[in-house]
Amino acid sequence: VQQHMKKLDDLNLNPAKDKVPQPTSTEDMNEFGKRWTEVSDKYSYAVGLSFGLRSMLPVLAESFVNLVLFLLCKPEIKSNERLFQNALRQPIDIRVQSLHLNCMGFESVVDYSSDECKKFHTLMNERNDLLHGNVEVNKLSIGDVYFNGNVPLFVEYEDFWDKSIGVSMQSVKFNTIKTDRQVVDDFIKCILTKMNSQISKQLEDIMDKGQLGFNKKTGRVGVLFPEHMADFRVAFTNA
C-alpha cells in the first residue's frame, strides 16, 4: 500500500493541467496523437495503481484485525484449534465486535456503529463489488443519453478525455483513494484506542516491523533483527 501510494504521488497527476484538449485544426491534429499517447500511458498506470490500492486497502485493515487475534487471543481459545479457527473465520464485522471477548488487553467494546467502522465496512463492500464484478447499474453509470429517433442527445458534452481516461479514473474512484487510505488508518486507530495503552503501544511497534520471529515453544512473537542489515566477507591478500 505504501509503495503504491508513493508511485501514485510520483506521477504528480493533475487532470486539469494534463487534459489534452480536442484538436481544432490540422496542426493540432498532428500533435494530438503523440500527446494523447503520453498522457494516456501515464493515466493508465495510475488507474492500475488505484485499482490495486482499492483492492488492498480493506485487506490491510482485515490483516490488522487478524494480527490482533493472533497476538492477543485468550489462551483458552488459542490452545483449542477449532475455537481459534472459528474466531479467525467469522465475518469481519463479527470478528471486530468480538475482539473484547476473544482477546486480552481490551478495556472496552469496539462499537461497530461508529463512524470509523461504518466507513470501513462501506470500503469493504465497494472492494467486493470491484473484485467480483458485481453489476449494479446505479453504481456503474457514467452519464445519461436521450434519443431523438436515432440521434443521440447527450445531457453533457464529453470530449475524448471524458469518454476514455475520465471514465477509467471514475471507475476506480481515483479522487477518493487518499481519503480511503485515511478510512483504514482511522479504523485501525479506533480499535487501538479500545486496548490497554501499553498493549496497544507494543502492537504498534510490531506493526512497524517488516519481519518478525515466532517461538513455536512459547507461542511468542518478537523482533529478531534490526531493520537495517549488512553483509561482509573476509578478504585475504598475499603479504
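# A guided tour of the predicted model

Select Glu 204 to begin: with a relative accessibility of 36%, Glu 204 counts as partly exposed. The model in view is a predicted one. Glu 204 belongs to helix 13, which covers residues 197-207.

**The whole chain**

The protein has 13 helices and four strands. Of its 239 residues, 29% are buried. If contacts are drawn between residues at least 6 apart in sequence, 71% of them join residues at least 24 apart.

Next, select Val 68, which is located in helix 3. Is Val 68 buried or exposed? Its relative accessible area is 0%, so Val 68 is buried. Show the residues around Val 68: apart from neighbours within four places in sequence, its contacts are Cys 73, Leu 99, Cys 103, Phe 106, Met 195 and Leu 203. From this list, keep Leu 99 in view and draw the C-alpha distance to Val 68, which is 8.2 Å for two residues 31 apart along the chain.

**Two aromatic pairs**

Colour the aromatic rings. The count of aromatic pairs is two. In one of them, Phe 70 and Phe 214 are tilted, with 5.8 Å from centre to centre and 45° between the planes. This pair links distant parts of the chain, since Phe 70 sits in helix 3 (residues 26-72) and Phe 214 in strand 3 (residues 213-215), 144 residues apart. Phe 70 has 30% relative accessibility and therefore counts as partly exposed. Phe 214, at 45% relative accessibility, likewise counts as partly exposed.

Move to Phe 120 and Phe 187. Their ring centres are 4.1 Å apart and their planes meet at 15°, so this pair is stacked. Because Phe 120 lies in helix 8 and Phe 187 in helix 12, the pair ties together parts that are 67 residues apart in sequence. Phe 120 and Phe 187 are both buried.

**Helix 8 against helix 12**

Helix 8 (residues 115-132) and helix 12 (residues 177-192) pack with their axes 9 Å apart and at an angle of about 130°.

To see the contact itself, select Glu 116, Cys 117, Lys 119, Phe 120 and Leu 123 on the helix 8 side, and Asp 180, Val 183, Val 184, Asp 186, Phe 187 and Cys 190 on the helix 12 side. Coloured by class, this contact shows seven nonpolar and four charged residues, and no polar ones.

**Helix 1 against helix 12**

Which residues of helix 1 meet helix 12? Gln 2, Met 5, Leu 8 and Asp 9 do so, and their partners in helix 12 are Ile 177, Lys 178 and Arg 181. By class, the contact of helix 1 with helix 12 is made of three nonpolar, one polar and three charged residues.

The phi of Asn 12 is near 50°, a positive value in a residue other than glycine. Most residues other than glycine have a negative phi. Asn 12 has a relative accessible area of 60% and is therefore exposed.

Finish at Lys 173, in the loop between helix 11 (165-171) and helix 12. Lys 173 is not a glycine, yet its phi is positive, at about 50°. What is the relative accessible area of Lys 173? The value is 38%, so Lys 173 is partly exposed.

Technical notes:
Residues are numbered from 1 along each chain as its sequence is written. This is a predicted model: local features need pLDDT of at least 70, side-chain atom pairs count only at pLDDT 80 or more; totals for chains, interfaces and linings use all residues. Side-chain values use heavy atoms; hydrogens and water are left out. Axes are lines fitted to C-alpha atoms, for helices over the stretch in contact, and angles run from 0 to 180 degrees between N-to-C directions. Helices (H or I, at least four residues) and strands (E, at least two) are DSSP runs, numbered from the N terminus. Contact means heavy atoms within 4.5 Å. Ala, Val, Leu, Ile, Met, Phe, Trp, Tyr, Cys and Pro count as nonpolar, Asp, Glu, Lys and Arg as charged, and the others, Gly among them, as polar. Rings of Phe, Tyr and Trp (its six-membered ring) pair if their centres lie within 6.5 Å; planes under 30 degrees apart count as stacked, over 60 as edge-to-face and the rest as tilted. Buried means under 20% relative accessible area, exposed over 50%, partly exposed in between (1.4 Å probe, protein chains only).
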